Amino acid sequence: SAIKAINDYYWTVYADYTLTGDIKSYKTLALAMAACTASATCHGVTTHSTSVHKTNSAYTPSSGSGKTAYVKGSVYTSSYSTRYESDMYMVHEPYVLAGAYGSQIKTRSAAFKACEKDKACKGFNRYGSGNYKLAKKTTKTQTVGGSVYIKSGTSIIVRRRLWGLYEG
């Protein structure tokens with residue numbers, strides 16, 4: 001078995017195994033995993049052939065020659081810092097910030113600029129490619145597919161080293 005992070009979840013992969021409790025069949029693994037990710041009753045996906053992938057309600061694999069079982073695990077999260085001009089931002093995935101406001105912003109660079117100009121902005125959300133919104137709060141809610149950028153301080157470069165100056 002192996003563990004992979006796909007669609008904001010950890011999946012345990014079992015070659016030559018299957019899962020029971022078929023829910024629905026899909027033509028691609030990506031579509032089946034996306035459907036399973038969105039469902040509270042789906043616990044995995046079984047690949048039966050290159051064009052047959054079924055979502056499953058069971059999570060205990062059993063022998064299934066030629067099939068591959070993907071058991072859905074916990075949500076995959078990550079956090080890191082990034083810099084825009086002299087400001088530092090903490091990035092958390094998969095989350096969104098409370099208090100989103102304003103119109104849709106199409107690029108990350110434009111979201112950084114808009115947040116810097118707006119005194120009420122505490123950070124911004126990314127809901128998908130080309131879909132950003134500013135946020136007035138730093139309260140995070142776990143949301144599959146989301147990313148948050150939270151203002152966290154300023155930065156300076158001294159002798160070719162980046163230093164973050166954090167508030168609080």
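A residue counts as buried when its relative accessible area is under 20%, as exposed when that value is over 50%, and as partly exposed in between. By this definition, 35% of the 168 residues of the chain are buried. The model described here is predicted.

## The chain as a whole

The chain contains two helices and 15 strands. Its C-alpha trace spans about 60 × 40 × 25 Å along the principal axes. The radius of gyration is 20 Å, whereas a compact globule of 168 residues would have a value near 15 Å. The accessible surface amounts to about 9,700 Å², and carbon and sulfur atoms contribute 51% of that area. Among contacts with a separation of 6 or more, 62% are between residues 24 or more positions apart.

| Strands | Bridges | Residue with positive phi |
|---|---|---|
| Strand 1 (residues 2–6) and strand 2 | five | asparagine 7, near 55° |
| Strand 7 (residues 78–84) and strand 8 (residues 87–93) | seven | glutamate 85, near 50° |
| Strand 11 (residues 123–128) and strand 12 (residues 131–135) | five | glycine 130, near 70° |

In the hairpin of strand 1 and strand 2, two residues stand between the strands. Two residues also separate strand 7 from strand 8, and two separate strand 11 from strand 12.

Alanine 5 has tyrosine 10 of strand 2 as its bridge partner. For glycine 128, the bridge partner is asparagine 131 in strand 12.

Helix 2 covers residues 108–117, and its residues Ala111, Phe112 and Cys115 are buried. These three residues lie on the same side of helix 2, because they cover an arc of only 100° around the axis.

The chain has nine aromatic pairs. One of them joins tyrosine 84 and phenylalanine 112 in a stacked arrangement, with 4.8 Å from centre to centre and 5° between the planes. This pair links distant parts of the chain, since tyrosine 84 belongs to strand 7 and phenylalanine 112 to helix 2, 28 residues apart. Tyrosine 84 has a relative accessibility of 12% and therefore counts as buried. Phenylalanine 112 is likewise buried, with a relative accessible area of 3%.

Phenylalanine 112 also forms an aromatic pair with tyrosine 149; this pair is edge-to-face, with 5.8 Å between the centres and 85° between the planes. Here too distant parts of the chain are linked: phenylalanine 112 is in helix 2, while tyrosine 149 is in strand 14 (residues 147–158), 37 residues apart. Tyrosine 149 is buried, as is phenylalanine 112.

Which residues form one aromatic cluster? The members are Tyr84, Tyr89, Phe112, Phe124, Tyr132 and Tyr149.

## Backbone exceptions

Most residues other than glycine have a negative phi, and most peptide bonds are trans. Aspartate 16 is not a glycine, yet its phi is positive, at about 60°. Aspartate 16 lies in strand 2 (residues 9–18). With a relative accessible area of 42%, aspartate 16 is partly exposed.

The peptide bond between glutamate 93 and proline 94 is cis, with omega about -10°. Proline 94 is located in the loop between strand 8 and strand 9 (95–97).

Where is histidine 48 placed? Histidine 48 is part of strand 4 (residues 44–49), and a relative accessible area of 23% makes histidine 48 partly exposed. When neighbours within four places in sequence are left aside, its contacts are Thr18, Lys54, Gly66 and Lys67. Histidine 48 and alanine 69 are 21 residues apart in sequence, and their C-alpha atoms are 9.0 Å apart in space.

Key:
Residues are numbered from 1 along each chain as its sequence is written. This is a predicted model: local features need pLDDT of at least 70, side-chain atom pairs count only at pLDDT 80 or more; totals for chains, interfaces and linings use all residues. Side-chain values use heavy atoms; hydrogens and water are left out. Two strands pair if DSSP finds at least two bridges between them. Helices (H or I, at least four residues) and strands (E, at least two) are DSSP runs, numbered from the N terminus. Buried means under 20% relative accessible area, exposed over 50%, partly exposed in between (1.4 Å probe, protein chains only). The arc is that of the directions from the helix axis to the C-beta atoms. The radius of gyration is taken over C-alpha atoms; the globule rule is 2.2 Å times the number of residues to the power 0.38. Contact means heavy atoms within 4.5 Å. Accessible areas come from the Shrake-Rupley method with a 1.4 Å probe; for residues, only the protein chains shown count as cover. Rings of Phe, Tyr and Trp (its six-membered ring) pair if their centres lie within 6.5 Å; planes under 30 degrees apart count as stacked, over 60 as edge-to-face and the rest as tilted.
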